[in-house]
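Biologist: I would like to learn how to read a protein model. Could we go through it one feature at a time?

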Amino acid sequence: MSSKPAVLPDQTDLPVLEREPAKVKPPPLFTVYLLNDDYTPMEFVVIVLQKFFSMGRDQATLVMLKVHREGRGACGTYPKEVAETKVEQVNGFSRMHQHPLQCTMEEA
């Protein structure tokens with residue numbers, strides 16, 4: 001066996017590999033809406049907006065008035081899974097309190 005050290009290739013002879021930036025697009029976002037009906041009390045809509053969308057009373061009141069006057073109002077924009085969860089929570093909460101308030105979502 002030879003006691004000569006192994007010869008390593010000159011570092012300048014090696015090809016340089018550069019990493020390409022990942023081409024990952026952000027997930028699609030969905031806007032959650034409350035829909036107007038003739039039976040759900042306005043105060044209940046304000047409570048829903050405060051409870052599920054973390055709105056202050058003033059902002060919740062403005063969104064509730066938009067729902068009342070225009071037929072629907074945007075509550076927020078979220079990734080799909082978060083939007084689906086909010087829709088389910090609001091619809092379940094409304095039914096539990098025997099109100100027909102509907103919550104939907106659309107791709108933003």
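**Reading the sheet and its helices**

Modeller: Helix 2 (residues 57-70) lies across strand 1 and strand 2, running at about 125 degrees to strand 2. Axes are lines fitted to C-alpha atoms, for helices over the stretch in contact, and angles run from 0 to 180 degrees between N-to-C directions. Helices (H or I, at least four residues) and strands (E, at least two) are DSSP runs, numbered from the N terminus. This is a predicted model, in which local features need pLDDT of at least 70 and side-chain atom pairs count only at pLDDT 80 or more, while totals for chains, interfaces and linings use all residues. Residues are numbered from 1 along each chain as its sequence is written, and side-chain values use heavy atoms, with hydrogens and water left out.

Biologist: What order do the strands of the open sheet have?

Modeller: Strands of a sheet pair through backbone hydrogen bonds, either parallel or antiparallel. Here three strands form an open sheet in the order 2-1-3, with antiparallel pairing; two strands pair if DSSP finds at least two bridges between them. Strand 2 and strand 3 are at the edges with a single partner strand each, so one side of each has no neighbour in the sheet.

Biologist: How many bridges join strand 1 to strand 2?

Modeller: Seven bridges join them. As one example, Leu35 has Arg72 in strand 2 as its bridge partner.

Biologist: How many disulfides does a search of the whole structure find?

Modeller: A disulfide is a covalent bond between the sulfur atoms of two cysteines. The search finds zero disulfides, taking one as a pair of cysteine sulfur atoms within 2.5 Å. For Cys75, the nearest cysteine sulfur is that of Cys103, 5.5 Å away. Cys75 is buried, with a relative accessible area of 7%, and Cys103 is buried at 4%.

Technical notes
Buried means under 20% relative accessible area, exposed over 50%, partly exposed in between (1.4 Å probe, protein chains only). Contact means heavy atoms within 4.5 Å.
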